[in-house]
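User: I am new to reading protein models. Can you walk me through this one and back up each term you use?

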2 protein chains.
Amino acid sequence: MSEQQFRVIITSHDSLCVGYLKAAQLILGVEFPNVSTLPFEASSSMSDFEDAMRKMVEQKPLRPLLILCDLMGGTPANVATKFMLINKQIKVVVGVNLPFILEILLHQDSGASLLDIPLDDVILSAKNSVIDIRSLMKGCTMND
Amino acid sequence: MSEQQFRVIITSHDSLCVGYLKAAQLILGVEFPNVSTLPFEASSSMSDFEDAMRKMVEQKPLRPLLILCDLMGGTPANVATKFMLINKQIKVVVGVNLPFILEILLHQDSGASLLDIPLDDVILSAKNSVIDIRSLMKGCTMND
């Protein structure tokens, strides 16, 4: 593993972030030592949560960091954005789904740098992966 | 709660589906008795998983059902699609994110029927919620 491999924090309301990582590990069959999860739980105060994220961010402040959040406007995304605004090494993407996370983790595992990842393309690909299956199949027959 | 309220199954690799429901409950502050979760775990066989989904589907076979899956092509989505093909009451959406799930659960909670939900619009809204925050802020200043 490269010393310069970028880090990923997945953060969310409750244990959704842990679920993302577990699902990715099950599908890809590998561990991701440079991926951390940070749940914002019902019992957390916003300042405790901010302190916890600060500790994670400051662990390796010079290494590029991608923070993936469950949705815009929630505490996880708001706190992540706060750190992004004071640290140019940090990028934040909100509203992630599993296809997005898989693609990011595959890039990370391949040794790509955060700057090399075509983030717009990965986001477009994540958007295209939200599909109504019945609508997709409309017009098809079982013999197609 | 209406007897005709549609049901939702959230299914995924590992506990991601449980994470979605817990995050939604934390954000919206309500329980969702007509939402079930079905994790496909490392220890599950595909036939056990299919049996478990069959039991959920057959519980109320005439009530409309929306099955939300983590991603296209995985076992959860493939098994859900199999049931969709033999039951016209079932719709399947894959690649969901938390904003999508929140919007669906709010529709369900409001008593909307599954047919009344503008699924294309909810999907478009979910797609628009995947955002690179640094890119969004590009060109803005802190005084904007």
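**Reading the terms**

Analyst: Start with a helix of chain A. In H4(A), the buried residues are A:Leu98, A:Pro99, A:Phe100, A:Ile101, A:Leu102, A:Ile104, A:Leu105, A:His107 and A:Gln108. Keep in mind that this is a predicted model.

User: What makes H4(A) largely enclosed?

Analyst: Count its buried residues. A residue is buried if 20 or more other C-beta atoms lie within 10 Å of its own. In H4(A), 9 of the 12 residues are buried, so the helix is largely enclosed by the rest of the structure.

User: What covers the buried residues of H4(A)?

Analyst: The cover includes S1, H1, S2, S3 and H5 of chain A. It also includes helix H1 (16–28) of chain B.

User: What follows H4(A)?

Analyst: A:Gly111 follows H4(A), and its phi is positive, near 90°. A:Asp14 also has a positive phi, about 55°, although it is not a glycine. A:Asp14 lies in the loop between S1 and H1 of chain A.

User: Why is A:Asp14 called buried?

Analyst: The cut-off is 20 or more other C-beta atoms within 10 Å. A:Asp14 has 23 C-beta neighbours inside 10 Å, so it counts as buried.

User: What about B:Asp14: buried or exposed?

Analyst: B:Asp14 is buried, with 23 other C-beta atoms within 10 Å. Its phi is positive, about 55°, although B:Asp14 is not a glycine. B:Asp14 is found in the loop between strand S1 (7–13) and H1 of chain B.

User: What makes S4(A) mostly covered?

Analyst: Of its 5 residues, 5 are buried. Look at its two faces. A:Ile90, A:Val92 and A:Val94 are buried on one side, and A:Lys91 and A:Val93 are buried on the other. In a regular strand, side chains alternate between the two faces of the sheet.

User: How do you know that S3(A) and S4(A) pair?

Analyst: Two strands pair if there are at least two bridges between them. S3(A) and S4(A) are joined by 5 bridges, and they run parallel. For an example, A:Cys69 stands opposite A:Val94 in S4(A). S1(A) and S2(A) also run parallel, joined by 6 bridges. There, A:Ile9 has A:Ser36 in S2(A) as its bridge partner.

User: Which strands run antiparallel to each other?

Analyst: S5(A) and strand S4 (residues 90–94) of chain B run antiparallel, joined by 2 bridges. A:Asp132 stands opposite B:Val93 in S4(B).

User: What is the order of the strands in the open sheet of 5 strands?

Analyst: The order is S2(A)-S1(A)-S3(A)-S4(A)-S5(B), with mixed pairing.

User: Why are S2 of chain A and S5 of chain B called edge strands?

Analyst: Strand S2 (35–40) of chain A and strand S5 (131–132) of chain B each pair on one side only.

User: Which helix lies across S1, S2 and S3 of chain A?

Analyst: Helix H2 (residues 46–59) of chain A does, running at about 170° to S2(A).

User: How many residues of each chain take part in the contact?

Analyst: The contact takes 39 residues from chain A and 39 residues from chain B. On the side of chain A that touches chain B, H1(A) gives the most, with 8 residues. The residues of that side divide into 23 nonpolar, 9 polar and 7 charged.

User: Which residues touch the most other members of the largest nonpolar core?

Analyst: They are A:Tyr20, A:Ile101, B:Tyr20 and B:Ile101, in a core of 84 residues. Not counting residues up to four places away in sequence, A:Tyr20 touches A:Ile10, A:Leu98, A:Ile101 and B:Leu16.

User: How many helices and strands are in chain A?

Analyst: Chain A has 6 helices and 5 strands. From the N terminus on, they run β-α-β-α-β-α-β-α-α-β-α. Of the 144 residues in chain A, 46% are buried.

Key:
Residues are numbered from 1 along each chain as its sequence is written. Chains are lettered from A and ligands numbered from 1 in the order in which they are written. This is a predicted model: local features need pLDDT of at least 70, side-chain atom pairs count only at pLDDT 80 or more; totals for chains, interfaces and linings use all residues. Two residues are in contact if their C-beta atoms, placed from the backbone, lie within 7 Å. Helices (H or I, at least four residues) and strands (E, at least two) are DSSP runs, numbered from the N terminus. Ala, Val, Leu, Ile, Met, Phe, Trp, Tyr, Cys and Pro count as nonpolar, Asp, Glu, Lys and Arg as charged, and the others, Gly among them, as polar. Axes are lines fitted to C-alpha atoms, for helices over the stretch in contact, and angles run from 0 to 180 degrees between N-to-C directions. A nonpolar core is a set of buried Ala, Val, Leu, Ile, Met, Phe, Trp, Tyr and Cys residues joined through C-beta atoms within 7 Å.
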